[in-house]
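Reader: Could you walk me through how the labels on a model like this get decided?

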Amino acid sequence: MGEWRYGAGQGHHDLIYITISTGIGGGVISGDQLLLGHRGLAAELGHITVLPGGPLCPCGQSGHLEAVSPGPAIARFVNEKLAEGDASILEPGPGMSARNVAKAARQGDPLAKAAYTRAGEYLGQALADFLYIFNPSIVIFGGGVSRSGSLIFDPLKDALYKQIMDPDYVRELILTTARLDDNAGLIGAQVQAQIKLSSH
Ligand SMILES: [Zn+2]
């Protein structure tokens, strides 16, 4: 709501917001309406299954997007691969973070790059599904991992364009990052409150 009214999504009627942070969150505006669902539970975009039988998600189910693409999942993947003997400049341990992995990837570390590629590819795969369901004109990415730039967005776009069933879904689609940064949620709550007040 914040990005729609004051940020990157101004002027759009159909948009998706995806935060890639410690988890993956979503917000959908369809025809200028925030998608809420029957009990306000709609648009849980992080908890769709992208890898059946895959890693455990913080929600308790397995193979969800949130289990493979946010910051902790990137760090966990690197730790697992280091335990299997993969070579890297990164040291295994609880101090592993998506930020450290991004730094190593920019220095050319193959394992670090592979971790971001994997996360981005699952995001691209999921995004194709979201485009089929919501057909937005813009997708806005927020959260810490979205600041890693091409590390996450190149594989995301590759996966998306490779598997999209009809080029019309992506022809005029804008993929961009949030303008309001970490304030998007707070400003969005204010926008929602204003809409509620003005409708009474
Ligand atoms: Zn989940």
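Author: Here come a few labels, each set against its cut-offs. The model is predicted, so local features need pLDDT of at least 70 and side-chain atom pairs pLDDT 80 or more, while totals for chains, interfaces and linings use all residues. Residues are numbered from 1 along each chain as its sequence is written, and side-chain values use heavy atoms, leaving out hydrogens and water.

Reader: What makes His47, Cys57, Cys59 and His64 donors of the zinc ion?

Author: A donor is an N, O or S atom within 2.8 Å of the metal (3.2 Å for Na, K and Ca), and with water not among the atoms, sites may look incomplete. Here ND1 of His47, SG of Cys57, SG of Cys59 and ND1 of His64 lie 2.0 to 2.3 Å from the zinc ion, so they count.

Reader: Why is Cys57 called buried, and what is Cys59 called?

Author: Buried means under 20% relative accessible area, exposed over 50%, and partly exposed in between (1.4 Å probe, protein chains only). Cys57 has 3%, so it's buried; Cys59, at 40%, is partly exposed. As for the histidines, His64 is buried at 8%, while His47 is partly exposed at 25%.

Reader: How many disulfides does the whole structure have?

Author: A disulfide is a pair of cysteine sulfur atoms within 2.5 Å, and the search finds 0.
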